[in-house]
Amino acid sequence: MRRAGILGAAGFAGIQLAHTLIHHSEMELAAVASDSLAGTPLAEAYPAFAGVTDLAFCRSEELEELDLDVVFLAVPHTASLEQTPRVLERGAVAIDLSADFRLKDASTYEAWYGTPHTQVDILADAAFGLPELFPAELVRARCRREAGQPVVVACAGCYPTATSLAAAPAIRSGALREGAVVVADAISGVTGAGKKPSARTHFCFANESLEAYGVTTHRHTPEIEQILGIGGRLVFTPHLAPLNRGLLSTVTIPLADGASIASTEDAHRLYRTFYEGATFVEVLPAGQQPKTSSVVGTDRAQVGVAFDARTRCIVATAVIDNLGKGAAGQAIQCANIVFDMDEGAGLSSVALPI
């Protein structure tokens, strides 16, 4: 059994990690850290764990002193810059859910996050955690671990995960029109904003309301551009929906004149072939579109694709659980690969039907 700890365990992504790791057959949840709840039993803060675990929250520095194989960092950006080096010093694998090691160019991080990147050496070696699109990065991380070298996996964000899974098959096939702008409109549940309430996420303001936010300025924009290789050619607009969890991203991809896609069936065939063998990505039958309720509580992504003959565009939609495939589930999927376990160990693939 691999011993796992969670930094930032009291937040939404952190507590989802705890829920999943408790059911993992090859990882033992050994410690959960939250400075604000230190000393509080997990089951007291989240009664769903009553009768399941006796763990109590500890302070971050206490967790960092434990003998752990892997530490999941479910912390805000910039916090991981400070905590990840200490995790590595203890010999644990760091699986980072924050944005601190995702952007390969430190200057891009500094421009979008408004703070200097203080760990550029770690950044250079960090693997990007989106298994379906960057499997070689995780294999490299596994080899580094087996060689006794430090390992950091920077898990992709929730919006970048859904948007990139929707767009990658078309773009990586070379079908994108040269110089064209890709448009992504995405909608997330309120848990995507984190546990700390705000005027936007307060129940009375979020309920029965839809809102675009971060228009032209959302920090996930450069991450999506990096994943898809379309620097400066993405218009990304996120929206907040009155859902607890779930995320849907619809991407419009203009096709090159020479692209061999002339129907929805052609587009569907391209996507089915691209994701053949993927454990957690399902391409729906041609003509079907995904819905968030079909993936909530899982690490799955469902993708629907259509072809617009009038504009010669592919319109692809992906849905994920923003706390599952968009955060905790993806982190555990990456850890499974790094530790050479079954990729789906501990992860659910069936959502509640109702």
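1. For charge counting, Lys and Arg are taken as positive and Asp and Glu as negative, while His and the chain ends are left out; each charge is placed at NZ of Lys, CZ of Arg, CG of Asp or CD of Glu. On this basis the protein chain carries 26 positive and 39 negative side chains, and the centres of the two sets are 4 Å apart.

2. This is a predicted model, in which local features need pLDDT of at least 70, side-chain atom pairs count only at pLDDT 80 or more, and totals for chains, interfaces and linings use all residues. Residues are numbered from 1 along each chain as its sequence is written, and side-chain values use heavy atoms, without hydrogens and water.

3. The protein chain contains 12 helices and 14 strands (DSSP runs numbered from the N terminus: helices are H or I of at least four residues, strands E of at least two). The C-alpha trace spans about 60 × 45 × 40 Å along its principal axes.

4. Of the 354 residues of the protein chain, 53% are buried (under 20% relative accessible area, with a 1.4 Å probe and protein chains only).

5. Val182 has Leu234 as its bridge partner in S10.

Note on methods: Buried means under 20% relative accessible area, exposed over 50%, partly exposed in between (1.4 Å probe, protein chains only). Two strands pair if DSSP finds at least two bridges between them.
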